[in-house]
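Colleague: Could you walk me through this one? I'd like to talk about a few side chains and then the ligand.

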Amino acid sequence: MRKLLDLTFRAAAVLCALLACLIFGWIVSAIVWRGFSVVNWRFLTEPMRLAGAEGGIFHNLIGTLILLSTALIVTTPLSVGTALVTAFYIQSERWRRLCLLCLYVLNGVPSLLFGLFGFIVFVSFFGWGKSWLTGGILLGFMILPTVSVALVERLRSLPPLRMEAAAGLGLSRSRIVWFVLLPQCLGGWVSGSFLGLARAAGETAPILFTATIFAGASIPSGIKENPVLTLPYHIFILAQDSFDQAIGGKVWGTALVLLMLAFCMSLVVLPVRLRIHEEADHV
Amino acid sequence: MKRPTMSEITRAPAIEISGLRVYSPSRQILRDVCLAIPHGAVFALLGPSGAGKSTLLRCINRLIELSPGLRVQGDIRLMGRSIYAPGSDVDALRARVGILFQQPAVFPGSIKKNVLFGVRHLGKAPKRLWPEIAERALRDAALWVEVKDRMDDSALELSVGQRQRLCLARALAVEPEVLLLDEPTSALDPLSTEAIEESLRRLRGRRTLVMVTHDPRQARRLADRVACLQVRDGAGEIAESGSALSRID
Amino acid sequence: MTGIRALETESVQAQKLARRVSLTQWTSWVLCLIALTSLAALVLVLIHESWPVWRVAGIDYLAGKQWLSSRHLFGAAPMIYGTMAVAIIALGCAAPIGIGAAICTSELLPRRARLTVKILVELLAGVPSVVYGLLGVLVLRGWVYDLLEPLDPLSGDTLLTGGLLVGVMILPTILTLSDDALRGVPASLRAAARGLGLNARETICRVVLPQAIPGIIAAILLALGRALGEMIAVFLVVGRQDNQWPERLWSVTPLISPGQTLASKLGGSEIHIAHGDPLHWAAMVGLGLLLLGMAGGAAAAAFLLQQKQLRHAQAS
Ligand SMILES: Nc1ncnc2c1ncn2[C@@H]1O[C@H](COP(=O)(O)OP(=O)(O)O)[C@@H](O)[C@H]1O
Ligand SMILES: [Mg+2]
């Protein structure tokens, strides 16, 4: 009886894991299978024509990359500052936990609400209209918790001995920060940033009302009223009327490109993330 | 102090290890270990650290199979029956062969819950016998006096020495035929060590005890038989074995 | 004596140096404040913009079952219902599978197989929600329609479809975080239980899971937060039918008919129409505030649970 239960239990757990892997395999293969024939060099380098039925996704790709680099530029100083304060400057444990709590809640804020916030503040109040900069800033704030938490974890895992050694050499605190802490947490910054960017690349909700349009924009030349085309919004719009065969092929192709973009960024940080998991093994 | 009689020792041994080899993916850890451990004896395993004492011990209740990558060859017989015989039940084996680790691992929860953990989940005894079983096990482990009034307190409040005795009681409560002890006292203060040694002494004859220790004096105090492991060419092997009094010096 | 004196002055100097706020420290504090006040700003802006609807409609805003913008009737109850329905369906699908798979990866699989599964899951977590939406529109919608065929549904766009889709989306979250929680349980406890003769299932159920349960609940809460706030994928498959308040709260029929969630409402074009009318606008932003409360609450609860488990682990 005990044996039977044990066997069933283990079989069920293995089945669950298999199911998870199958779902993953199915999703990827479904997209690769449908989109593979569409994606080629011309698809990536030609601008869109005929509302997505013809041409490629050049400007969408560029627009997404613009948003991502803006987000990275916005989020890096903010998250480094936040992480330094949270992990290093704050002395009291209680305040540190409050900071972390704020970061976690910020992480839990639905991305749609960043879009709403951006619409109220940047689009209406500042009068920027739809602008790539708004999108970049919003995405930057959206991935801020991911990057900060990765940095904080990295900083807190540094052996205190090393800092004492540096202090013993007579280094001032800011020198310790610049020459000991920051170089050490480069890994955390890379993994956090790429993880965040992989998420930001596919986000549609924050930029829906604030930064992106479906057609008629190319490389932005200013800030106000300068939206960009993006990959996820392209898919979002085409998915809503995708019964046209020509569009059908293009939308899968776009999805494949977006998926690969996200996967590449996740893959970059995979070794770091897996090492974190494996380190947990040896505790 | 009652030593096992000659006839008891010459009877078929409780544990008979023959040709045991253990390999890790990269190298051999144990080479051709052959040992016979008599019924009711206290058997001490000595040797430098890294010689494979813990590995050998974990082979006897097949706990070794939980560390991935290790490969075991050879045979171990418990009461004359091979523990690797096809169709044998590993979990039943482990219930018959208890183990105590170097570091006590108590479960979060009350002292009572800890002592009865095995009894409860193995369904070994009816519920009405539980208090009796707990008391006997705790007495055997020399902990009863200290905890009898706070059986429902959290076990995490106990000191390390008390925790180790609690683990001993937990292992004894399921009435194993053999008890494996992996350096049971090396993490403890002298007083707790003394208490554990005392309870092991009282168990002599009733259970077969296999104890790893790095302290020859402890082996001399407690053991009837000893075996020394040594490392040769990177793998551990039995250097010598025999009755305690003649070997340790 | 002089040596001690010298040491003292040195340490006093060091303290002074430490007390003097350096430029680096100052900048860090400012950046941190900007980052953290963004959260406060978000909350305040949403409260400020939605103030009129709370003043005019008050509690009716939450309890009202009708949303007719032309008659200035704003009741969010059907959307709250839709959001909860989607989230509960999603968790109902994802939690058992995710926890089961996490048990498999952390307790049963050998190292290499576990790494493989973890890599796949990490990648699965990186699939953009709009891609899920696309698959939902072009594939899942058809499946659900076929499944419901005997009940003669209007279309495949239902709350159930949204729930299933979100379930797949949050599966990686539950799986990875539960796996982390399970792996946080010390190996010595497992060895102790196995050494007593408990089998794998008993060890997991009696020793490992009770220890990991706060972490697993935190995982579920985080996934819940994501399920509540997911807009793009849900938007595409949920049907976006207003005023679908169920007659009986626990009946199944509303789940297999089109509905509306807070997020899908906010994602629609109504937000542009609403912008001209202060009360209508406030009502729309109010939906965002509700969403923020629900999702933020879930995230905060998850954080506190994780912290509790961390301290617990340190104590034992
Ligand atoms: N799971 C394992 N994988 C690889 N090597 C192991 C494993 N367990 C133990 N070893 C190796 O086996 C040797 C013996 O270990 P152990 O039995 O713990 O020694 P002792 O208990 O005598 O100090 C050590 O060198 C150790 O590195
Ligand atoms: Mg050892």
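Colleague: Is C:Trp67 buried or exposed?

Modeller: This is a predicted model, and in it C:Trp67 has a relative accessible area of 4%, which means that C:Trp67 counts as buried, since the cut-off is under 20%.

Colleague: And what does C:Trp67 pair with?

Modeller: C:Trp67 forms an edge-to-face aromatic pair with C:Phe74, the centres being 5.1 Å apart and the planes at 70° to each other. C:Phe74 is buried as well, with a relative accessibility of 6%.

Colleague: How many aromatic pairs are there over all chains?

Modeller: The search of the whole structure gives 16, and, apart from pairs, chain A has an aromatic cluster made up of A:Phe122, A:Phe125, A:Phe126 and A:Trp128.

Colleague: Which ring does the charged end of C:Arg240 sit over?

Modeller: That is the ring of C:Phe235, whose centre is 3.8 Å away from the charged end of C:Arg240; in chain A, A:Arg34 lies over the face of A:Trp252, 4.9 Å from the ring centre.

Colleague: Switching to ligand 1, which residues are the closest?

Modeller: Of the 13 residues that surround ligand 1, the closest are B:Arg27, B:Gly50, B:Lys53, B:Ser54 and B:Thr55. B:Arg27 places a polar side-chain atom 2.6 Å from an oxygen atom of the ligand, while a polar backbone atom of B:Gly52 lies 3.0 Å from a ligand oxygen atom.

Colleague: How much of ligand 1 does the protein bury?

Modeller: The protein buries 62% of the 560 Å² that ligand 1 exposes when taken alone.

Colleague: Which helix gives the most to the shell?

Modeller: Helix H2 of chain B, residues 53-60, gives the most, with three residues, and by class the shell has seven polar, four nonpolar and two charged residues.

Key. Residues are numbered from 1 along each chain as its sequence is written. Chains are lettered from A and ligands numbered from 1 in the order in which they are written. This is a predicted model: local features need pLDDT of at least 70, side-chain atom pairs count only at pLDDT 80 or more; totals for chains, interfaces and linings use all residues. Side-chain values use heavy atoms; hydrogens and water are left out. Rings of Phe, Tyr and Trp (its six-membered ring) pair if their centres lie within 6.5 Å; planes under 30 degrees apart count as stacked, over 60 as edge-to-face and the rest as tilted. Buried means under 20% relative accessible area, exposed over 50%, partly exposed in between (1.4 Å probe, protein chains only). A charge sits over a ring if NZ of Lys or CZ of Arg is within 6 Å of the ring centre and within 35 degrees of the ring normal. A residue is near a molecule or strand if one of its heavy atoms lies within 4 Å of it. A polar contact is a pair of N or O atoms within 3.5 Å; within protein, one must be able to donate a hydrogen and the other to accept it, and residues adjacent in sequence count only if both atoms are side-chain atoms. Accessible areas come from the Shrake-Rupley method with a 1.4 Å probe; for residues, only the protein chains shown count as cover. Helices (H or I, at least four residues) and strands (E, at least two) are DSSP runs, numbered from the N terminus. Ala, Val, Leu, Ile, Met, Phe, Trp, Tyr, Cys and Pro count as nonpolar, Asp, Glu, Lys and Arg as charged, and the others, Gly among them, as polar.
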